[in-house]
Amino acid sequence: MSHLLQSTFIPTTPTTLRRCSVFPTTHLRKTHVVESKIREIFMPALSSTMTEGKIVSWVKSEGDKLAKGESVVVVESDKADMDVESFYDGYLANIIVPEGSSASVGSTIALLAESEDEISLAKSKTLTTVSSSSQETPPATVTEEVSPVASPVAAAVSLSSDAVKIASAIHPASEGGKRVVASPYAKKLAKELGLDLRGVVGSGPNGRIVAKDVEAAAAAASDGAAPIGVAAAALKPSGSAPAAPVVDLGTTVPFTTMQNAVSRNMVESLAVPTFRVGYTITTNALDSLYKKIKSKGVTMTALLAKATALALAKHPVVNSSCRGGKSFTYNSSINIAVAVAIDGGLITPVLQDADKVDLYSLSRKWKELVDKARAKQLQPHQYTTGTFTLSNLGMFGVDRFDAILPPGTGAIMAVGASQPTLVGTKDGRIGVKNQMQVNVTADHRVIYGADLASFLQTLAQIIEDPKDLTL
């Protein structure tokens with residue numbers, strides 16, 4: 001889903017005219033004043049937590065004609081890259097925030113002229129009009145109508161020296177190979193074809209990779225030769241092990257937009273009084289079930305999410321969340337957010353209504369969310385609506401760890417690896433069982449120790465007798 005750019009008018013002719021005193025007022029002819037429509041384009045808020053965005057690439061160049069609903073710019077929010085569309089027809093007159101630079105939400109990033117003749121006028125008024133508006137316009141101003149898709153954040157925030165942070169002019173596509181600038185369709189096509197985009201040189205605006213570049217690279221790969229501009233790395237299957245990142249030791253690296261978002265959330269979480277409860281769960285029955293249905297596309301993540309959701313349905317207080325420190329909400333939906341490590345950060349795709357969706361559909365949905373997360377194509381509602389969070393490091397052999405509570409939720413569960421363990425049986429014998437450690441971090445303003453203990457008992461019962469998971 002694309003988002004629509006916010007904009008407002010910059011008047012370019014006087015709004016009032018003095019009357020001529022030669023003729024009586026009764027004989028005055030009505031004068032029509034036609035104003036040039038030069039609009040400011042603002043940095044949109046692509047999520048409720050976004051405070052600034054980074055310009056990944058301008059899809060259009062200065063002077064290009066725009067149609068309403070046409071993609072203009074790709075913006076990196078705190079968790080994803082999104083194509084942003086124009087709300088009006090016109091011409092992209094002047095780009096104020098270049099590619100690779102960041103701007104606060106609501107600040108001016110470009111000017112849009114209504115006609116081609118007004119492009120030069122917009123350029124000449126860029127500094128004077130925008131700077132004067134920053135001095136004269138109060139923080140909250142009346143703006144033109146914006147699309148319902150746009151954020152409720154005030155649209156007309158004036159441009160100032162602090163509003164736009166000018167960064168390196170290096171094109172994002174060539175930042176040491178750290179990120180790839182490509183259209184969403186090009187990314188999707190590359191994944192379907194098993195093509196690594198890191199070695200593809202784009203032919204789109206400012207070097208952006210478009211679908212035809214991916215098709216050309218794939219065709220060359222099938223012929224056994226790389227075309228000009230396509231590195232050998234692009235011909236490797238996308239599922240191959242990623243190369244170790246190259247770092248310059250001793251250098252200071254600024255946070256990315258995603259890392260800034262993670263940093264803000266972690267600092268905010270420190271204000272929440274939390275406590276932790278651990279539990280050991282036997283997983284033999286769950287492991288056996290997984291072996292039987294793995295071939296049908298079921299993932300262990302979906303199994304754990306489904307079991308957790310069923311347990312939360314019986315303990316709604318653990319699925320609740322505190323509101324302002326004075327009240328809490330029993331969430332009407334059980335949305336399981338699962339932490340996923342991606343290039344440059346962490347994101348939590350959300351399995352909506354996990355207690356109501358069948359296991360097989362849940363697995364398919366999870367695969368789709370992970371693919372979108374790694375392509376940075378998740379929409380805000382797909383990663384901001386979790387009511388309970390899972391963090392699993394078991395695949396790395398980690399047997400136990402603690403997780404930090406995400407702001408706005410009541411609890412997060414850290415899941416360790418399932419390992420063969422010597423245990424004493426009820427008849428006094430010693431046996432070997434697969435067991436995993438889970439640790440839950442909870443908001444003590446809402447959830448108490450007894451609440452978590454009861455929840456974990458129910459979860460253990462479901463996992464140790466998982467017949468209800470496949471219903």
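**Salt bridges, a pocket and confidence**

Mentor: E368 is partly exposed, with a relative accessible area of 35%. Please keep in mind throughout that this is a predicted model.

Trainee: Which residue does the side chain of E368 meet in a salt bridge?
Mentor: The partner is K365, with an N to O distance of 3.6 Å.

Trainee: Where do K365 and E368 sit in the chain, and how far apart are they?
Mentor: Both belong to helix α7, which covers residues 359-374. They are three residues apart, so about one helical turn separates them.

Trainee: And K365, is that buried or partly exposed?
Mentor: K365 is partly exposed, at a relative accessible area of 33%.

Trainee: Which residues make up the network of salt bridges here?
Mentor: The network links K365, E368 and K372.

Trainee: How many salt bridges does the structure hold?
Mentor: There are eight. One of them joins D465 to K467, whose closest N and O atoms are 2.8 Å apart. D465 counts as partly exposed at 40% relative accessibility, whereas K467 is exposed at 52%.

Trainee: What does D443 pair with?
Mentor: The side chain of D443 meets that of R445 in a salt bridge, at 2.8 Å from N to O.

Trainee: Is D443 buried or exposed?
Mentor: D443 has a relative accessible area of 2%, so it counts as buried, the cut-off being under 20%. R445, by contrast, is partly exposed at 38%.

Trainee: Changing topic, how much space lies in the second largest pocket?
Mentor: The second largest pocket holds about 190 Å³. It is lined by 13 residues, and those closest to its centre are E268, V272, P407, G408 and R445.

Trainee: What is the lining like by class?
Mentor: Five of the lining residues are nonpolar, five are polar and three are charged.

Trainee: Last topic: what is the average pLDDT of the chain?
Mentor: The average is 76, and 72% of the residues score at least 70. Residues 129-178 have a pLDDT below 50, and in the model this stretch makes 83 contacts beyond its near neighbours in sequence.

Trainee: Which other stretch has a pLDDT below 50?
Mentor: Residues 224-242 do, and that stretch has 27 contacts beyond near neighbours in sequence.

Note on methods. Residues are numbered from 1 along each chain as its sequence is written. This is a predicted model: local features need pLDDT of at least 70, side-chain atom pairs count only at pLDDT 80 or more; totals for chains, interfaces and linings use all residues. Side-chain values use heavy atoms; hydrogens and water are left out. On a 1 Å grid over the protein atoms alone, a cavity is a set of points where a 1.4 Å probe fits but cannot get out, and a pocket is an open set with protein on both sides within 12 Å along at least five of seven lines; lining residues have an atom within 4 Å of a point. Grid points are joined across faces, edges and corners, and a volume is the space filled by probe spheres set on the points. Ala, Val, Leu, Ile, Met, Phe, Trp, Tyr, Cys and Pro count as nonpolar, Asp, Glu, Lys and Arg as charged, and the others, Gly among them, as polar. pLDDT is the predictor's confidence in each residue, from 0 to 100. Contact means heavy atoms within 4.5 Å. A salt bridge is a side-chain nitrogen of Lys or Arg within 4 Å of a carboxyl oxygen of Asp or Glu. Helices (H or I, at least four residues) and strands (E, at least two) are DSSP runs, numbered from the N terminus. Buried means under 20% relative accessible area, exposed over 50%, partly exposed in between (1.4 Å probe, protein chains only).
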